[in-house]
Amino acid sequence: MNRPATAPDTHDTDIARTRLTSALAKTWKTPPGFWGALTTVDHKIIGRRYIFTAFVFLALGGVLAALMRLQLAQPEARLIGPDRYNQIFTMHGANMMFLFAVPVMEAVAVYLVPLMVGTRNIAFPRLNAFSYWIYLAGGALLWTAFALDMGPDVGWFAYVPLSGPQYGAGKRADIWAQMITFTELSALAIAVELVVTIFKQRAPGMTLDRIPVFVWAMLVTSFLVIMAMPAVMIASTGLILDRLVGTHFYNPAEGGDVLLWQHLFWFFGHPEVYIIFLPAAGMVSTMIEPFARRPAFGYLGLVMALIATGILAFGLWVHHMFVAGLPRLGDSFFTASSMAIAVPAGIQMFCWLATLWDGRPVFKTPLLFIMGFIVTFVIGGLTGVMVASVPFDTQVHDTYFVVAHFHYVLIGGAVFPLLGAVHYWFPKLTGRMMSETLGRWSFWLIIVGFNATFFPMHILGLEGMPRRIYTYQPDLPWHGLNVFVSLSSIVLTIGFLLFFINVFRSARFGEVAPDNPWDAPTLEWATTSPPPSYNFPRIPVVGSLHPLWDDRDTLPVADGLRTDRRELIVTTLASAGPQAREASPRNSIWPLLAAVATTIMLIWSIFSPWAVVWGSIPIAVALIGWFWPKGTPEDES
Amino acid sequence: MNASRLFTYLSIWAGLWFAPLVWAVNMQLGQILPYADCRSQLHSSVIISFVGAALTSASGIASWSSPRRVGGEAAEQSNAHFGGIVSALSASVFTFALLMQGVAAVVLTGCEK
């Protein structure tokens, strides 16, 4: 719509900085108080909320792990009964995978990606708000069910027929299946937002070879989410239909197929590992630069490794099914792919080592966690190559060897970089530094506690201890190592406690952080710490991969955006040339109302198939309210 | 975009779309052909895997050599150069995977369960 000739000029060209920032703050602000908290669409507030919630779930999952270690510390312990133990290990796995690992990686991206690509908000910000509420509802459903002794007890991959109507009595398996719908819905929403943000909202000049590696990692991860997660949603929907409506997707007696579950689940389940690992690899590539005090070695190799890993991730799922009786030649193709994926992982390792080798490393806490990650992930990768071999996997399948392997990969490969990332980006989120002393203590306790806890599990597995047993007989040779593992887990727990204490203490009393405390080169450090609601007073223009190193004092900026409405620059896909000015939606209560309506429908549908029919009416009403024009300046777009 | 320009861009990115496509097709054939290989001892899995490896290598070479045909603005050339190298490197990973699959098919007959 054309602006009338007499209307005041509301563009940011030739306007004093103080007037500009005050106008932008008014346009982009989140109102204070409870209503503002419910209606906000600011990616930073939602990202922080997501990260906090995910860490709450990490702590809850950790409590379950501690309970399991307490139970296994002695043979024939009676602390936890078999039924509760089944719920506990299922809850631990499902919670850590679906409520912590995937959401926390996406949450970090929700906060950081718009800042790193130099835009003012994430694409589809209301969808972003909706995704958080849905995620919270899924987590609340799972934990409420557990508190009511209705927690799922079928393992985190809920194999049929154990989870089917024949053996899975009550609603426990349904709770698991519907929790999947909640968390996958929220993950898919974020994935779409990230893809559009990265493709269309990059700062002018940010060509493909100037995109930060973490942003590349999140782009690849988002495509993995979009392509992998529908498989498990289809699988879990089929399971609910089998249990509630009486279909026979997984019932061989009626023409169904039990192996269909395994194929569908692992077609999602193996890429899931890389959905968790690739963001962590991106974090490492980004964090290593300021601490090595040089650009990351082999940018092209790092990007190639992320993309190749993302694609190869879809050709590995059968290595979880080596004992399912498929032809050996077919299995060997998955062995080949499983070993081939070690090549891009190895390239990344060599790039990081070369960066450190040729740099002048400063061993602050984030770099310590990176070093811990490199060592631990290499061990996890080596045992990964071992279990990719059919004869070896056949021997150790469903033993503690596999438990040790995937904890090395997931904690070493994702949690260590994440903890480093928390220390690294904490000043950006809070404006305060974390304590180095507490950081170093927590690092050493976690690295020692982790290895002492999980390395002996390899030996327990080789000695034949199966996973998921709630107790064992005293005459079996597992007692000594189990005691050692349980004692070591106390060290690990203290390390994590220290980390949480450091976070809460530093958020309140930490040293005030400058805008760019690490002298980092990426755009999120070009704004204040913490950033204002509009992220950047003027949109930066990028001339290199390391804009804050190469244009240290005179980062060029673009102008011409309106200040009286939420507006951002849309750029071309490859060259990031300015293409259009696009409005960004204002705060709204409708995402929350849509999430509440969706939650009611999904939980109700555990009990009645008619919930899908009647429950969709409030959802439709909420969506109409969501998209109805509100008479704001953004509607002009 | 004319046909020649389209072909150039498809060639630049071949290592990232054609090579994974060949590998994905071979993965699927790896689930289907063992039964036929066991019956006839044709070793079709071996032949297809190695032909696939040759094709992915060719796509890598195309990715590596095509960016120099791109003219236009500096940003466009820079993107083409970036895409060419990343695609060529990616093709080499898929070639390796296909070679490993071919070797596995040499060792096994398709009858093993």
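# Briefing on a two-chain predicted model

A:Pro530 is placed in the loop that runs between helix H16 (479–509) and strand S1 (539–540) of chain A. The peptide bond that joins A:Ser529 to A:Pro530 is cis, with omega at about -5°. The structure is a predicted model, and its scores are ipTM 0.94 and pTM 0.95. The points below treat each chain, the contact between the chains, and several individual residues.

**Chain A as a whole**

- Chain A contains 19 helices and 4 strands.
- The radius of gyration of chain A is 25 Å, close to the 26 Å that the globule rule gives for 637 residues, and chain A is therefore as compact as a globular protein of that length.
- The C-alpha trace of chain A extends over about 85 × 60 × 50 Å along its principal axes.
- Of the 637 residues in chain A, 54% count as buried.
- When contacts in chain A between residues at least 6 apart in sequence are considered, 81% of them join residues at least 24 apart.

**Chain B as a whole**

- Chain B has 4 helices and 0 strands, and its elements follow the order α-α-α-α from the N terminus.
- Chain B has a radius of gyration of 17 Å, whereas a compact globule of 113 residues would have one near 13 Å.
- The C-alpha trace of chain B spans about 55 × 25 × 15 Å along its principal axes.
- Buried residues account for 50% of the 113 residues of chain B.
- Of the contacts in chain B with a separation of 6 or more, 80% are between residues 24 or more positions apart.
- The average pLDDT of chain B is 92, and 99% of its residues score at least 70.
- Within chain B, confidence is lowest in helix H1 (residues 3–12), with a mean of 90, and highest in H3(B), at 96.

**The contact between the chains**

- Chain B contributes 31 residues to the contact and chain A contributes 28 residues.
- On the side of chain B that touches chain A, the elements giving two or more residues are helix H2 (14–40) and helix H4 (74–107) of chain B.
- H4(B) supplies the largest share of that side, 17 residues.
- The residues on that side of chain B comprise 18 nonpolar, 9 polar and 4 charged.

**The nonpolar core**

- The largest nonpolar core holds 226 residues, and those with the most contacts inside it are A:Ala101, A:Val215, A:Ile276 and A:Leu306.
- Helix H4 (residues 82–116) of chain A provides the largest share of this core, 23 residues.
- Apart from residues up to four places away in sequence, A:Ile276 touches A:Ala101, A:Val102, A:Met105, A:Leu410 and A:Ala414.

**Helix H10 of chain A**

- Helix H10 (residues 328–340) of chain A has 13 residues and should span 18 Å at 1.5 Å a residue; its end C-alpha atoms are 18 Å apart, which agrees.
- H10(A) is mostly covered, since 11 of its 13 residues are buried.
- The buried residues of H10(A) include A:Leu329, A:Phe333, A:Phe334 and A:Ala340.
- The cover over the buried residues of H10(A) includes helix H9 (299–312), helix H11 (342–358) and helix H13 (390–396) of chain A, together with H2, helix H3 (44–65) and H4 of chain B.

**A buried loop residue, A:Ala203**

- A:Ala203 lies in the loop between helix H6 (172–200) and helix H7 (213–244) of chain A.
- A:Ala203 counts as buried because it has 25 C-beta neighbours inside 10 Å, and the cut-off for a buried residue is 20 or more.
- A:Ala203 and A:Leu523 are 320 residues apart in sequence, yet their C-alpha atoms are 9.6 Å apart in space.
- Beyond its neighbours within four places in sequence, A:Ala203 is in contact with several residues, among them A:Val117, A:Gly118, A:Thr119, A:Leu523 and A:Ala576.

**Backbone features that stand out**

- Most residues other than glycine have a negative phi, and most peptide bonds are trans.
- A cis peptide bond joins A:Val160 and A:Pro161, with omega at about 5°; A:Pro161 lies in the loop between helix H5 (125–147) and H6 of chain A.
- A:Arg293, a residue other than glycine, has a positive phi near 55° and lies in the loop between helix H8 (258–292) and H9 of chain A.
- A:Arg293 counts as partly exposed because it has 13 C-beta neighbours inside 10 Å.
- A:Asp398, also a residue other than glycine, has a positive phi near 60° and lies in the loop between H13 and helix H14 (400–430) of chain A.
- A:Asp398 counts as exposed because it has 12 C-beta neighbours inside 10 Å, and the cut-off for an exposed residue is 12 or fewer.

Key
Residues are numbered from 1 along each chain as its sequence is written. Chains are lettered from A and ligands numbered from 1 in the order in which they are written. This is a predicted model: local features need pLDDT of at least 70, side-chain atom pairs count only at pLDDT 80 or more; totals for chains, interfaces and linings use all residues. A nonpolar core is a set of buried Ala, Val, Leu, Ile, Met, Phe, Trp, Tyr and Cys residues joined through C-beta atoms within 7 Å. Two residues are in contact if their C-beta atoms, placed from the backbone, lie within 7 Å. Ala, Val, Leu, Ile, Met, Phe, Trp, Tyr, Cys and Pro count as nonpolar, Asp, Glu, Lys and Arg as charged, and the others, Gly among them, as polar. The expected span of a helix is 1.5 Å times one less than its number of residues. The radius of gyration is taken over C-alpha atoms; the globule rule is 2.2 Å times the number of residues to the power 0.38. pLDDT is the predictor's confidence in each residue, from 0 to 100.
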